[in-house]
Amino acid sequence: MRFLLTLKNWQAFLLLFALPFLLQYGLKELTKALHYNPGDLAITVLDALPTAFLTLWFWSIGFYMFRRLPGSISISAVYFHMAALYFILYAMLMVFTLRVVRESITDGILPFGMLAMLIPMHLFATFCFLYMVYFVARCIVTVEEQRVVNFGEYTLVLIQLLVLPIGIWFLQPRLRNFCNPRSFQTH
């Protein structure tokens, strides 16, 4: 878990954005070349791989920073863990559902019930993602400042987390400082 925080910014970028897509594409092409059908569950997991990598990165930051919070600050991490779990499970469900919908449309059937059920689940997954981003941003700045922070103080980190392909270049060096005991002292 701490390994993800000690990466240089270009390593984190490659690990979070290039590697999952290359693994996904490479394994799909390998199964095609070997004339092997891995099944719906394996394909769903492969398609959800990029989301899983990103969620794992968020979770590792949030968990590490939560453990470094001062004792005087009490923030519950239960909702953060539940949001991360739901987001990964929803990503797999979404990929599977889109595959079923695509196959149904080619058969001339449009599963309105499935699509109607997906809308509230998708809205909740969006909420869970935003909560993960909020929790991580708040924890990062709270650990830096060693006090309770307000929204204006962690807004920049929040925005950097939301625009991750760009934000990771600014966030990862900051996160590396937390893992270097010489550069981080408690106030």
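**Close-up 1. Tyr131 and Tyr134 in helix H6.** Tyr131 and Tyr134 both belong to helix H6 (residues 112-145), where three residues, or about one turn of the helix, separate them; helices are DSSP runs of H or I with at least four residues, numbered from the N terminus. The model is predicted, so that local features need pLDDT of at least 70 and side-chain atom pairs count only at pLDDT 80 or more, whereas totals for chains, interfaces and linings use all residues. Residues are numbered from 1 along each chain as its sequence is written, and side-chain values use heavy atoms, with hydrogens and water left out. Tyr131 is buried at a relative accessible area of 18%, while Tyr134, at 26%, is partly exposed (buried means under 20% relative accessible area, exposed over 50%, and partly exposed in between, with a 1.4 Å probe and protein chains only). The ring centres of Tyr131 and Tyr134 lie 5.6 Å apart with the planes at 50°, so the pair is tilted; rings of Phe, Tyr and Trp (its six-membered ring) pair if their centres lie within 6.5 Å, and planes under 30 degrees apart count as stacked, over 60 as edge-to-face and the rest as tilted.

Close-up 2. The whole structure contains 16 aromatic pairs. In the stacked pair of Trp59 and Phe63, the ring centres are 5.1 Å apart and the planes stand at 10°. Both residues lie in helix H4 (residues 49-67), four residues and about one helical turn apart, and both are partly exposed, Trp59 with a relative accessible area of 27% and Phe63 with 23%. Ring pairs also link a cluster that includes Phe66, Phe80, Tyr86, Tyr131, Tyr134 and Tyr154.

Close-up 3. Arg147 forms a salt bridge with Glu145, the closest N and O atoms being 3.9 Å apart, and meets Glu153 in another at 2.4 Å, N to O; a salt bridge is a side-chain nitrogen of Lys or Arg within 4 Å of a carboxyl oxygen of Asp or Glu. Through these shared partners, Glu145, Arg147 and Glu153 are joined into one network. Glu145 is partly exposed at 34%, as are Arg147 at 37% and Glu153 at 31%.

**Close-up 4. The salt bridge of Glu29 and Lys32 in helix H2.** Among the four salt bridges of the structure is that of Glu29 with Lys32, with 3.6 Å between the closest N and O atoms. Both residues lie in helix H2 (residues 9-33), three residues and about one turn of the helix apart. Glu29 counts as partly exposed at 32% relative accessibility, whereas Lys32, at 57%, counts as exposed.

Technical notes. Helices (H or I, at least four residues) and strands (E, at least two) are DSSP runs, numbered from the N terminus.
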